[in-house]
Amino acid sequence: MNKPFISLCPEITRANALTLMDWLEDECVTEHLSDSRHVSRFIEQVINRVQLPILTHLFNQGGRFFMAYDRDDIPVGFVRLVMSGRDCEMVLVIGNRDNWGRKLGASAIREAMKLAFFEIRADKLIAKIRAENDRSLKAFQNCGFLLESQTLSMKSFSMTAESYLRRLRESPAGHRADIYITEIDRARLKSLVDGELPPAIFELEHEIERAIVVDPRQVRRDVVTMNSRALLQLDNEEMEVALVYPEDADGSDGKLSICSDVGTAILGYKEGDAFDWRIPDRTCRIRIEKVLYQPEAAGDFHL
């Protein structure tokens, strides 16, 4: 059985806005949402006033807004992240009742934590939940959030950046398979992400932090390390790639930058692993068919 999968996408289309309106008309969806009337009124005004196909800039006023998609690229909810100083407040809604009980909420929370701590660089992530909203309370607690304060009607939970990193390293797999990285690769990749690189590099930083670090002489021969060459199945397409550093990337020769979407995705996985990964326009299914060459196995590395 496939594990729950959610990707959070920053682009908000007119069709997304209409879907949001449908969700917000369901009282079961909005009964625990404090500002549902305000949100619904705002979306209605946007739809009536603006005839643009892309509405992202309007939804990002006062915070960051993301549509939540499942592995079939169907919108199932939304996440809003609002900064206040170094703290970030999160609002999460799974919009269609048919999706309740599929543990998509917990998956969306994990994706939001990744964005809050690695891209937005918040010190603390906060979730304010109505006391009677048992489903949300359980989802946030299962993701490691701790109760910070409460009233009769509302409970406030939080997760600090420090505790998030500690949890990520102690339970690296979360809802995905374990991945492995050599000590040498980790050191060089850490230097890479610390440099001036595009914001999307946060995905790579997350993978580095959750990876299990191993001695290069002890890494399995079927693991994709830096400068490995591997045979992949990308949806229905078979492709042979070499995973390289950005300066060595050459699409014509199959040299795939670690900073590319698929490059970041395959780092640390082993032969036979298959997983879903969001690339800019869709979710794809990636399978590591075979590791054709690995420098550690060949002895081509330097301590």
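Student: Where is Glu31 found?

Tutor: In this predicted model, Glu31 is in the loop that links helix H2 (27–30) with helix H3 (36–49).

Student: Why is Glu31 called partly exposed?

Tutor: Its relative accessible area is 48%. Buried would require under 20% and exposed over 50%, with partly exposed in between; therefore Glu31 is partly exposed.

Student: What kind of charge marks the surface patch that holds Glu31?

Tutor: Negative charge: Glu31 gathers there with Glu27, Glu132 and Asp134. Asp and Glu count as negative.

Student: How many aromatic pairs does a search of the whole structure find?

Tutor: The search finds seven. One of them joins Phe140 and Phe145.

Student: What makes the pair of Phe140 and Phe145 edge-to-face?

Tutor: The ring centres are 5.1 Å apart and the planes stand at 90 degrees. Phe140 and Phe145 are both buried.

Student: How do you know that Phe275 and Trp277 also form a pair, and of which kind?

Tutor: Their centres are 6.5 Å apart, with 85 degrees between the planes. Since the limit is within 6.5 Å and the angle for edge-to-face is over 60 degrees, Phe275 and Trp277 are an edge-to-face pair.

Student: Are Phe275 and Trp277 buried or exposed, and why?

Tutor: Phe275 has 7% relative accessibility, and Trp277 has 4%. Buried means under 20%, so Phe275 counts as buried and so does Trp277.

Student: Which residues form an aromatic cluster?

Tutor: Phe59, Phe65 and Phe78 form one.

Student: Why is Lys103 called exposed?

Tutor: Its relative accessibility is 63%. Exposed means over 50%, so Lys103 counts as exposed.

Student: Why is Asn227 described as partly exposed?

Tutor: Asn227 has a relative accessible area of 36%. That class lies between 20% and 50%, so Asn227 is partly exposed. Asn227 lies in the loop between strand S9 (212–214) and strand S10 (229–234), and its phi is positive, about 70 degrees, although Asn227 is not a glycine.

Definitions and conventions:
Residues are numbered from 1 along each chain as its sequence is written. This is a predicted model: local features need pLDDT of at least 70, side-chain atom pairs count only at pLDDT 80 or more; totals for chains, interfaces and linings use all residues. Side-chain values use heavy atoms; hydrogens and water are left out. Patches are made of residues with over 30% relative accessible area and no salt bridge: like charges are joined within 9 Å, nonpolar side chains (Val, Leu, Ile, Met, Phe, Trp, Tyr) within 5 Å. Accessible areas come from the Shrake-Rupley method with a 1.4 Å probe; for residues, only the protein chains shown count as cover. A salt bridge is a side-chain nitrogen of Lys or Arg within 4 Å of a carboxyl oxygen of Asp or Glu. The place of a charge is taken as NZ of Lys, CZ of Arg, CG of Asp or CD of Glu. Helices (H or I, at least four residues) and strands (E, at least two) are DSSP runs, numbered from the N terminus. Buried means under 20% relative accessible area, exposed over 50%, partly exposed in between (1.4 Å probe, protein chains only). Rings of Phe, Tyr and Trp (its six-membered ring) pair if their centres lie within 6.5 Å; planes under 30 degrees apart count as stacked, over 60 as edge-to-face and the rest as tilted.
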